[in-house]
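Okay, thanks for coming, everyone. I'd like to walk you through one model today, so let me put it on the screen.

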Amino acid sequence: MFEQSFDDLRDKTAPALKAAQLYYVHNLTMDTIAQELQTSRSTVSRLLSFARKTGLVDIQIRSPHDHSSSLKAAIQARFSVVAHIVSVPGNVSAVDRLERVSMSAARLLSVFIDSNMIIGVAWGSTVTAVTRHLVPKNIHNTEFIQLNGAGNIRTSGVVYASEILRRFGATYSANIEQFPAPAFFDNPTTKEAFWNERSTRHLLNIQEQMDMAIFSVGSPFSKVPSHVYIGGYLDPEDIQSLADSGVVGDVATVFFRADGSYEDVPLNLRATGPDFAVLKRVARRVCIVSGVSKLASLKGALAAGLITDLIVDEATARALAES
């Protein structure tokens, strides 16, 4: 099925590119383009829509009243990250805000992702939303690897995490590596034994070679609940332990405080996400955040030095710059 869809994509690309050039570069009308391509006006409309959806055309609107440039500069100066700010109206719902940020993130990822890369992916509500909008790109020899286990006492997590990886793999014709483990072990010694297994060492060794990591920040405060906090991963004792430790969020189910510290958070001894020392060695670390309710979690991740590229809605970017 995927091979057929890829053939369809390839067959549409050339006429869509031609139609886009005539429409956007040469300013021809759709009727004129239809005559030149010997097709119907409705077909031209579909080709232009295809060109926008697949990233052949990237439309940007630059307003003289847009303050995103100054926001980007302020965030970069203060936090040493590259901010990619998504303009979202202030009156939209948290769910719609997430969708708009996810669409922009998916398009930007198509620029970042290329051949011969190893890319780590953390599962979660935001990354799931991003995968619904991924833009196909013809690359080769790229591999997506799951950053953390997804199982808990209610589910193996395989279906949830594998669907995220499957979408990345299908979009970019890439290989995928799953991480068949729980999100948290019951006992730190169980994790230590699992980490010594050769099959697990294989996955951890691949993680250490990553060129890029894609993740969001899990937050107990978010208006769109983070999956780790509502998906049956944490029992009341765990939640109390996190509160006692002053935790403000997580990346790939590794928890951190407002100052970025994480090493002595008890639950991290049982977590399957990558140690932050490993994550910080990755050249490009893309964090996608939607909503001011995640501000405390975002600031903690920045304090931990986990982010190189931040894709964020304008309201949250402004709150970050002013905090």
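I'll go through the sheet, then the cores, then a helix pair.

Quick housekeeping: this is a predicted model, where local features need pLDDT of at least 70, side-chain atom pairs count only at pLDDT 80 or more, and totals for chains, interfaces and linings use all residues. Residues are numbered from 1 along each chain as its sequence is written, and side-chain values use heavy atoms, with hydrogens and water left out.

Helices (H or I, at least four residues) and strands (E, at least two) are DSSP runs, numbered from the N terminus, and two strands pair if DSSP finds at least two bridges between them. With that, we get an open sheet of seven strands in the order β1-β9-β8-β5-β2-β3-β4, with parallel pairing. The edges are taken by β1 and β4 (175-177), each with a single partner strand, so one side of each has no neighbour in the sheet. On average, neighbouring strands here are turned by 20° against each other, direction ignored. For angles in general, axes are lines fitted to C-alpha atoms, for helices over the stretch in contact, and angles run from 0 to 180 degrees between N-to-C directions.

Let's zoom in on β9, residues 309-313. Is this strand mostly covered or mostly open? Mostly covered: five of its five residues are buried, where buried means under 20% relative accessible area, exposed over 50%, and partly exposed in between, with a 1.4 Å probe and protein chains only. Asp 309, Ile 311 and Asp 313 are buried on one side, and Leu 310 and Val 312 on the other.

As for partners, β1 (residues 82-86) pairs with β9 in the parallel sense over five bridges, and His 84 sits opposite Ile 311. Strand β8 (residues 284-289) runs parallel to β9 and is joined to it by four bridges, with Val 289 opposite Val 312. Further along, β2 (residues 118-121) and β5 (residues 212-215) run parallel with three bridges, and Ile 119 faces Met 212 there. Helix α9 (residues 198-207) packs on the sheet, touching β2, β3 (143-146) and β4, and its direction makes about 120° with that of β3. Contact here means heavy atoms within 4.5 Å.

Now the cores. A nonpolar core is a set of buried Ala, Val, Leu, Ile, Met, Phe, Trp, Tyr and Cys residues joined through side-chain atoms within 4.5 Å. The largest has 44 residues, and among the members touching the most others are Phe 276, Leu 306 and Leu 310. Helix α13 (residues 295-303) gives the most to this core, with four residues. Apart from it lies another core, of 42 residues, including Val 121 and Val 247.

Last stop, the helix pair. Helices α2 (residues 30-37) and α3 (residues 41-53) pack at about 100°, axes 8 Å apart. That makes α2 roughly perpendicular to α3, a label for angles of 65 to 115 degrees, while under 35 is roughly parallel, over 145 roughly antiparallel and the rest oblique. Met 30 and Leu 37 of α2 are among the contact residues, as are Arg 41 and Leu 48 of α3. Arg 41 touches Met 30, Asp 31 and Ala 34, not counting residues up to four places away in sequence, and at 45% relative accessibility Arg 41 counts as partly exposed.
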